[in-house]
Amino acid sequence: MLNAKSSSVLAVETSTSACSVALLHQGQEYIQHEILPQKHAHRVLEMVNQVIEEAGIKPNEIDLLAFGEGPGAFTGIRIASGVIQGLALGWDKPVLAVSSLLAMAEKVFSQQEPLEDTEWCAILDARMKEVYILRGKYILQTKELIADQPLMISPEQLKSFLPKNKSCIGVGDIKEIYPELVDYFEHWYEALPEAVSIARIAQNNDQDATNLKQEIPNPLYLRNHIADTIEERKNKVK
């Protein structure tokens, strides 16, 4: 296990319209974050090089690689996964997949610590009149984020997943498309997943990282049949 306080972590997050890369090294954070709908593949490797150059280090000084596993845009989470796996093979580094929804919760609690244990819910627009959600709790004593399993549900189903007394805080990107859902929360924070949060979570959980020779972390897909299989395509042609 690496020393979480001293380990250097490079993270990529591309599950939404944001293209984000971050490097944690010797207590410093080097961040590249841009809103680039459908242009992640053109910029992400350049952003990786930028944070490494800003830190003034070489790839062999990086201890751990991490990526936002989703849920999110099908192409986006494949880009983050593919880039990090490629770097891991080339640099011989361990990899950790981190929930993109959990990363949004991390951002909220890293900026403002509550005075007590607090329930939270991270939500991303999943398109097709559905949302991705992850519900969890921030434990004040240990400063730990614990979470349930991520789900994809309709906006109408959301209320049944939340405390009845509106004590839950929310974070996500649904304020414009589903403004009525924001009213379910005591506090709402509009945000997208960021690589720096992915990196922080990975740094604190580096014992869970794996070498690609042992296991290949995969993106998280919650929608079935995102793309047709080859056989399904053949059947459609007939």
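1. The residues lining the second largest pocket divide into 5 nonpolar, 3 polar and 4 charged. Since this is a predicted model, please read the points below as a description of that model. The volume of this second largest pocket is about 380 Å³. Its lining consists of Leu102, Glu106, Phe109, Ser110, Tyr138, Lys143, Glu144, Leu145, Arg200, Ile201, Asn204 and Asn205. Two or more of the lining residues come from each of α3 (100-111), β8 (144-147) and α5 (195-204), and α3 gives the most, with 4 residues.

2. The two helices named there also meet each other. The axes of α3 and α5 come within 8 Å and cross at roughly 90°, which means that α3 is roughly perpendicular to α5. On the α3 side the contact is made by Ser100, Leu102, Ala103, Glu106, Lys107 and Ser110, and on the α5 side by Ser197, Ile198, Arg200 and Ile201. By class, this contact has 4 nonpolar, 3 polar and 3 charged residues.

3. Strand β7 (residues 131-139) runs antiparallel to β8, and 4 bridges join the two.

4. Next comes the largest pocket, with a volume of about 650 Å³. It is lined by 30 residues, and those nearest its centre are Ser15, Thr16, Gly72, Ala73 and Arg127. The elements giving two or more residues to this lining are α1 (40-55), α2 (74-91) and β6 (118-125). Of these, α2 gives the most, with 5 residues. By class, the lining has 16 nonpolar, 9 polar and 5 charged residues.

5. Two backbone details deserve a look while you have the model open. Which peptide bond is cis? The bond from Gly70 to Pro71 is, with omega near 5°, and Pro71 sits in the loop between β4 (64-68) and α2. The second detail is Arg127, which has a positive phi of about 65° although it is not a glycine. Arg127 is found in the loop between β6 and β7, and it is one of the residues nearest the centre of the largest pocket.

6. Finally, the sheet. Five strands form an open sheet of mixed pairing, in the order β3-β2-β1-β4-β5. Because β3 (28-35) and β5 (95-98) stand at the edges with a single partner strand each, one side of each is left without a neighbour in the sheet. On average, neighbouring strands are turned by 15° against each other, direction ignored. β4 and β5 run parallel and are joined by 4 bridges, and Leu65 stands opposite Val95 in β5.

7. α2 touches β1 (9-13), β4 and β5, and its direction makes about 170° with that of β4. α5 touches β1, β2 (18-25), β3, β4 and β5, with its direction at about 135° to that of β1.

Terms used:
Residues are numbered from 1 along each chain as its sequence is written. This is a predicted model: local features need pLDDT of at least 70, side-chain atom pairs count only at pLDDT 80 or more; totals for chains, interfaces and linings use all residues. Side-chain values use heavy atoms; hydrogens and water are left out. On a 1 Å grid over the protein atoms alone, a cavity is a set of points where a 1.4 Å probe fits but cannot get out, and a pocket is an open set with protein on both sides within 12 Å along at least five of seven lines; lining residues have an atom within 4 Å of a point. Grid points are joined across faces, edges and corners, and a volume is the space filled by probe spheres set on the points. Ala, Val, Leu, Ile, Met, Phe, Trp, Tyr, Cys and Pro count as nonpolar, Asp, Glu, Lys and Arg as charged, and the others, Gly among them, as polar. Two strands pair if DSSP finds at least two bridges between them. Axes are lines fitted to C-alpha atoms, for helices over the stretch in contact, and angles run from 0 to 180 degrees between N-to-C directions. Angles under 35 degrees count as roughly parallel, over 145 as roughly antiparallel, 65 to 115 as roughly perpendicular and the rest as oblique. Contact means heavy atoms within 4.5 Å.
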